[in-house]
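Me: Please take one close look at a single packing contact here. Then set it in the context of the rest of the model.

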Amino acid sequence: MAERLLWSPMQIGPVTVRNRIVFSAHLTNYARDGLPSEQHAAYYEERAAGGAGLIITEEHSTHPTDWPYEKLIHGFDREVIPGYRRMTDAVHRHRVPIFAQINHNGGQASSMYSRLPVWAPSAVADPLFREVPKAVDRHEIAEIVESYALVAGHCAEGGFDGIELQCSHSSIVRGFLSPATNRRTDDYGGPSPTGRGSCWRSSPRCARRSDRSLPWACASVATSSSREAPRSRMRSRWPAWWRPPGRSTTSTPRSGLPRHRCS
Ligand SMILES: Cc1cc2nc3c(=O)[nH]c(=O)nc-3n(C[C@H](O)[C@H](O)[C@H](O)COP(=O)(O)O)c2cc1C
C-alpha cells in the first residue's frame, strides 16, 4: 500500500507531481558571486533524471542583510534570472516541476560577507553564529515582507513552478514565532502567537502577490505558480517598483529595497 502511494501522482495546486519523492532543499555551495551556476542546473537535472517527483532548490536569500554563507543565491538580485531559467529548463526537460525555496535567515546569520547588521525580531544572539543582531523596526519588517514578493517575482520570471517558504529551522519567520528569539512588546511580539505570527502571515501573502492564482502547497509554507499563466498577465499584477526594467540587466540595489507596504 505504502509503495503504491509512493509511486502515485499528487496534485499541488496546478502542479502535478508524478510521485511522492521530493528532493528537499539543501545548500550546495554551487552559487558563484550570489548567482546560480551551471553546476546548479546540472545537479538538479541529474536528480530529475533520476526519478524525483518534485525538486526543491536550496534557499535563495530575499534580502541583502541575509548572507549567512558565502555561496548563497541572492534571490533579491535581478541578475539571478538567467541562472534560474537555466536551472528550470534543465529540470523541465525531464517533465519534473521545480520549486524555489526562498528565505531570510534573520538572526541565524553573520555580517561577515554582507558587512551589514544582521536583522532579527530582537537583539538575541544565535547560539551558532553568536552575533548580536539588530532588532528590526516596523519599516524594516515591511521591507523584509516586500523582499519575499520581489524574489517570488524573480522566481516566476525564471520559470519556477512554485515557491517554498522556509519557516522552519533557520528563518526569520521562525525567529518571530518563537518566544525564545522574539522578545518584542509591540504587535509583532508579545505572549500570544497571534502577534508573533504577524510576519509569518504577511510574508507568504506578500510573496503570493507575484501571481494571485498561486495556491498553497508543500510541507512548510509554499506557493505554486502557474507556468501556464501568460507572463504579461503576471507582470500586470506586479507592483511598479519591481516591474522588470525592460531588457536592462540592472540589478536590485544591494543597499536596500524600496519601501512599499504589502496590501
Ligand atoms: C548540507 C545541508 C544543507 C541544507 N540546506 C537546507 C536549506 O537550504 N533549506 C532547508 O529547508 N533545509 C536544508 N537542509 C535540510 C534538508 O532539506 C533536510 O530536511 C534534512 O537534511 C533532513 O533530510 P535527510 O534526513 O534526508 O537528510 C539542509 C541539509 C543539509 C545536510
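Reply: What follows is a close look at one helix pair, then a walk through other parts of the chain.

First, the ground rules. The model is predicted: local features need pLDDT of at least 70, side-chain atom pairs count only at pLDDT 80 or more, and totals for chains, interfaces and linings use all residues. Numbering starts from 1 along each chain as its sequence is written.

Now the pair. Helix H2 spans residues 38–49, and helix H3 spans residues 81–92. Helices (H or I, at least four residues) and strands (E, at least two) are DSSP runs, numbered from the N terminus. The two axes come within 8 Å and cross at roughly 20°. Axes here are lines fitted to C-alpha atoms, for helices over the stretch in contact, and angles run from 0 to 180 degrees between N-to-C directions. H2 is therefore roughly parallel to H3. Angles under 35 degrees count as roughly parallel, over 145 as roughly antiparallel, 65 to 115 as roughly perpendicular, and the rest as oblique.

The crossing of H2 and H3 is right-handed. That term applies if the near helix is turned clockwise from the far one by less than a right angle; anticlockwise is left-handed.

Who makes the contact? H2 supplies His40, Ala41, Tyr44, Glu45 and Ala48. H3 supplies Gly83, Arg86, Met87, Ala90 and Val91. Contact means C-beta atoms, placed from the backbone, within 7 Å. By class, these residues divide into six nonpolar, two polar and two charged. Ala, Val, Leu, Ile, Met, Phe, Trp, Tyr, Cys and Pro count as nonpolar, Asp, Glu, Lys and Arg as charged, and the others, Gly among them, as polar.

Histidine 92 belongs to H3. Its C-alpha lies 9.9 Å from that of alanine 49, although 43 residues separate them in sequence. Histidine 92 is partly exposed, with 16 other C-beta atoms within 10 Å. The cut-offs: buried is 20 or more other C-beta atoms within 10 Å, exposed is 12 or fewer, and partly exposed is in between, with C-beta atoms placed from the backbone.

Now the context. The protein has eight helices and 11 strands. Buried residues make up 45% of its 263 residues. Among contacts between residues at least 6 apart in sequence, 69% join residues at least 24 apart.

Asparagine 105 sits in the loop between strand E6 (98–103) and strand E7 (119–120). Asparagine 105 is buried, with 29 other C-beta atoms within 10 Å. Beyond its neighbours within four places in sequence, asparagine 105 contacts Asp66, Pro68, Ser170, Ser171 and Ile172. Arginine 115 is in the loop between E6 and E7. Arginine 115 is exposed, with 8 C-beta neighbours inside 10 Å. It has a positive phi of about 60°, though it is not a glycine.

Arginine 130 lies in the loop between E7 and strand E8 (134–135). Its phi is positive too, about 60°, and it is not a glycine. Arginine 130 counts as exposed, with 8 C-beta neighbours inside 10 Å.

Last, the ligand. Ser24, Ala25, His26, Leu27, Glu58, Glu59, Gln101 and Gln166 are around it. A residue is near a molecule or strand if its C-beta atom, placed from the backbone, lies within 6 Å of it. This shell divides into two nonpolar, four polar and two charged residues.

How values were computed. Two residues are in contact if their C-beta atoms, placed from the backbone, lie within 7 Å.
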